[in-house]
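Have the coordinates open while you read.

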Amino acid sequence: MSEKTSPGNFFEDFAIGQRLPHSPPRTVTAGDVALYTALFGSRFAISSSEPFARTLGLPTAPLDSMLVFHMIFGRTVADVSRNAIANLGYAGVRFGVPVYPGDTLEADSVVIGLKQNTDGKTGVVYVHSTGVNQRGEIVLDFRRWVMVNKRDLARPAPATLIPELPKRVAAADFHVPIALPREAYDVTRTGSAFLWDDYAVGERIDHVDGMTIEEAEHMLATKLYQNTAKVHFNQHVEREGRFGKRIVYGGHVISLARSLSFSGLANALMVAAIHGGKHTAPTFAGDTIYAWSEVLECETLPGRDDIGALRLRTIAAKDRACGDFPGHAGNTPLDPAVVLDLDWSVLVPRRVPVSAIGRGQASDQMPRRS
Amino acid sequence: MSEKTSPGNFFEDFAIGQRLPHSPPRTVTAGDVALYTALFGSRFAISSSEPFARTLGLPTAPLDSMLVFHMIFGRTVADVSRNAIANLGYAGVRFGVPVYPGDTLEADSVVIGLKQNTDGKTGVVYVHSTGVNQRGEIVLDFRRWVMVNKRDLARPAPATLIPELPKRVAAADFHVPIALPREAYDVTRTGSAFLWDDYAVGERIDHVDGMTIEEAEHMLATKLYQNTAKVHFNQHVEREGRFGKRIVYGGHVISLARSLSFSGLANALMVAAIHGGKHTAPTFAGDTIYAWSEVLECETLPGRDDIGALRLRTIAAKDRACGDFPGHAGNTPLDPAVVLDLDWSVLVPRRVPVSAIGRGQASDQMPRRS
Amino acid sequence: MSEKTSPGNFFEDFAIGQRLPHSPPRTVTAGDVALYTALFGSRFAISSSEPFARTLGLPTAPLDSMLVFHMIFGRTVADVSRNAIANLGYAGVRFGVPVYPGDTLEADSVVIGLKQNTDGKTGVVYVHSTGVNQRGEIVLDFRRWVMVNKRDLARPAPATLIPELPKRVAAADFHVPIALPREAYDVTRTGSAFLWDDYAVGERIDHVDGMTIEEAEHMLATKLYQNTAKVHFNQHVEREGRFGKRIVYGGHVISLARSLSFSGLANALMVAAIHGGKHTAPTFAGDTIYAWSEVLECETLPGRDDIGALRLRTIAAKDRACGDFPGHAGNTPLDPAVVLDLDWSVLVPRRVPVSAIGRGQASDQMPRRS
């Protein structure tokens, strides 16, 4: 192999405090948004309609939160997880300023923890990754940890530092870039009259529909994000691998769950945070993904009477409808059909003023036909 | 199932005169256009080239007529046909003002007919659906009727009202948003010198090429339109269904036929109306679609000597070339390879002034290389 | 078949000096760019980031060179190679002014050579094809030659004219639209610190990764370019053909090789020329493409100390990693896994001023997080 080809970082290449600037920058466009819609069938009004987004005080329709996540995460792969043998987890994923078509995203990661495994062949690397737009405003930051191979087994182990990882992002730290229109939030446009006030802790919501994944779809998605993790793209290698086939990027399943959650959570306009998540089993092309959610918390937000947060546990399962809420009794033993167990918070409009909102009540702004 | 998840409307949920506002609004973009081109390989100059579209008096290149159809139709599915067991037909599909990237489309449907079936378990719902842009201008309207399940079989049947459905859209009602350039319509750019004047009633045109459909393709298309009909996306359910596989959205076949029709109808710049159509057999991934057309009428348009209309019967067939015009002898018995039998009208430039138009005669506007 | 359907040109339809204007014009957009990224996972900073492109003196991010190639090549197919039985070669492919979203591309071809084969049934047609933007500026020109069927075997052979074909595009003729920023070229953004100065003649670079092609992917790509060559799209016909399946457009493999070459050639910002190339074996869906390159020449460019050219031989192989450089010992016998043997030149920044450039050295322009 020529020295010109970067082999990626191995465990001994990481050092506490090291900053990894990721490349290349990525200008996101209406083309990316269209592809995301085509891949996941996403229907949240805020990202589907520019005029609707403007009624919430935004300059135009922002990218779906999860598309932002994938664009930033994708940037980190070549430097952080190219030689990863396992993506062990992520925590404290906080969404920042909205991202709009035309914005240019960049990311870097700082190494915040290291622990060589007792086998001496691998180690765990913890990084804090941050994505910014062209004005340097943070659009996303998160911690994740991966298990990485050592290249040179003779190299001594670094001092172990296991960072403190946030158990959750506090609601007070949520970035809330939207504001409810005074004249009422138009539920005829969002697809559901259920607002923050209508959800209760412990409530379970079956998202009903299932969506089958094709090889071309998950590869198009993952290449769109410029995520270079080999296991998603190379059938010639994966044929001989543990599963005999390409593995779907875990984020693809999160986006499917987010899109399916429209049925039951149509007013969950944005994701505020992902507190943690487990990809409990691999997903492959041909699998049909279903999802359901449990409301863990209904949180008010400091100084805001127009927007609240719902903390959700969302479970995705493959080739299995979720009307009986698989996995709800806890994780022991986990239903083998479950592929994703996500702990996250979404932003949902509150019912103020109550009188102005209601199913079937059209807003004055509804374009009239001539 | 949580009350939060909309089960969609069942037969008894519809009432004559009821208005169903559809959600979400959809801002269409250059990204949607690129995906449409990638899916169907469409080559009509008006939607392929902004400068060419401007020579016809338009501000920029409009979306292909059928992309507009799918975007509006897709909006209606969740409210009208989520529980449909059959899409029985559509009529009076009239295309309105052109749609451009950046426009935001909305749709609603009004219930115009109801008829409970004698089995007491299902009924037919007739709706008039209308799509508008952000200025409230109509971009498309149409009638369609679907067979829908009852949820509560004990509910009494509503009064039967079968609406009068237009047998066809009259040429006088066509919206004709384009005007031929005075200095001549540039056929070197459209791919064919055959104009309205060159077609004759009874003429049959084999569109020659065939295009194979992949699962990823029809699902990407249908999700792009935010069409939520389950049969297209869920292999886990369809595996146990009547066909054992996902069914391709009928509109996908229309778009394939429209795209294939470029060979023989390159100057059919826009669709004016779809008078009616039958999806005579289901289409599946792996099928190769061919098409042919018969000219039913060559119509002049009131007050216009620059544009005429061709009324066409276009037949699409699967896994069968159409050089011998399958289905032309009438529908009894229909060739089993036929999947689409469409009655529609397209707008085609007329040859005026004759002297200024001709194959190989370059327009003055042709960009010259430096 | 109706006279309305163009059967394309047969050998006897071509005449020396004949100009074939191609249709339709094509306005390229951010949607096309997003699809190209999704198809090939391309990461070259110049096309990924608008701000980065502006540091090189461009108004915004240009389309990847190969996307321009496909758009122009695609335009020529209907008139030049619809009845081709073999694409025999191309030469003197020179990239011109960069293409940006919003540009409209047109192309024409001039017949520069004819030679009927001794079998009397086929002949070779040589054309010089040129692509221009809406200002008439050349974005690409190239020669190619194809073997075409005769329709009427009785027609006498034309006089044989075999044109002189450029063995290569001279470096002095390269169009170099980028200029290095005075304040330094920012290698933290491009993904590699290796510049023109770091490459040596004879150096071999394994591009390491492999990418598997799906049917949906190569068809979406080829339809995006409005390339109408039937062998890529019609499984119903190809099932009975020589290979029993659809053949992947050769240009798809070039784009895969270009994208894979990012590993080792991240600073190869643009393609200047393709001197020649052979598609040595057909590629099919399911194949996994790998690539490697050998540096043939390191050329300075007249009057430029900021940009140099690397002439590369790039070999792509299917279902075979390229760490041992298959095909490097010459073409006799060629490794049967090799599918592409490309001779091309790319533009790469030079190290001036040396002091301002270096791995990990951030530019002042790096957006800072707030």
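1. Over which residues of chain A does pLDDT stay under 50, and how many contacts beyond four places in sequence does the model have for them? The stretch is residues 354–370 of chain A, and the model has 28 such contacts there. Keep in mind throughout that this is a predicted model, so I'd read anything said about that stretch with its pLDDT of under 50 in view.

2. Confidence elsewhere. Chain A has a mean pLDDT of 92, and 93% of its residues reach 70 or more. For the model as a whole, the scores are ipTM 0.93 and pTM 0.94.

3. Overall build of chain A. The chain holds 9 helices and 12 strands. Its C-alpha trace spans about 70 × 45 × 40 Å along the principal axes. A compact globule of 370 residues would have a radius of gyration near 21 Å, and chain A comes out at 21 Å, so the two agree.

4. Packing within chain A. Of the 370 residues, 58% are buried. Take the contacts between residues at least 6 apart in sequence: 78% of them join residues at least 24 apart.

5. A look at one residue, A:Ser65. You'll find A:Ser65 in helix H4 of chain A, which covers residues 65–80. Is A:Ser65 buried or exposed? It counts as buried, because it has 29 C-beta neighbours inside 10 Å, against a cut-off of 20 or more. Leaving aside residues up to four places away in sequence, A:Ser65 touches A:Phe95, A:Met270 and A:Val271. A:Ala281 sits 216 residues from A:Ser65 along the chain, and their C-alpha atoms are separated by 24 Å.

6. Where chain A meets chain B. The contact draws 48 residues from chain A and 41 residues from chain B. Several elements of chain A give two or more residues to the side that touches chain B, among them helix H2 (45–48), helix H3 (50–55), strand S7 (204–206) and helix H9 (262–265). The largest share of that side, 9 residues, comes from H1(A). By class, the side of chain A that touches chain B has 18 nonpolar, 18 polar and 12 charged residues.

7. Where chain C meets chain B. Here 40 residues of chain C are in contact with 48 residues of chain B. On the chain C side, the elements supplying at least two residues each include helix H1 (30–40), strand S4 (104–116), strand S5 (122–132) and helix H7 (235–238). Which helix gives the most to the side of chain C that touches chain B? That is H6(C), with 6 residues. The side of chain C that touches chain B divides into 15 nonpolar, 15 polar and 10 charged residues.

8. How the copies are related. The copies use different surfaces, as 18% of the contact residues of chain C recur in chain B.

9. The A and B pair. Chain A can also be laid on chain B by a turn of 120 degrees and a shift of 0.0 Å along the axis, with an RMSD of 0.0 Å. In chain A, the C-alpha nearest the axis is that of A:Gly31, 2.2 Å from it.

Notes: Residues numbered from 1 in each chain as written. Chains lettered and ligands numbered in written order. Predicted model: local features only at pLDDT ≥ 70, side-chain atom pairs only at ≥ 80, totals over all residues. Contact = placed C-beta atoms within 7 Å. Helix = DSSP H or I, 4+ residues; strand = E, 2+ residues; numbered from the N terminus. Nonpolar A, V, L, I, M, F, W, Y, C, P; charged D, E, K, R; others polar. Rg over C-alpha atoms; globule rule 2.2 N^0.38 Å. Buried ≥ 20, exposed ≤ 12 C-beta atoms within 10 Å, placed from the backbone. pLDDT = per-residue confidence, 0-100. Least-squares fit on C-alpha atoms with pLDDT ≥ 70 in both.
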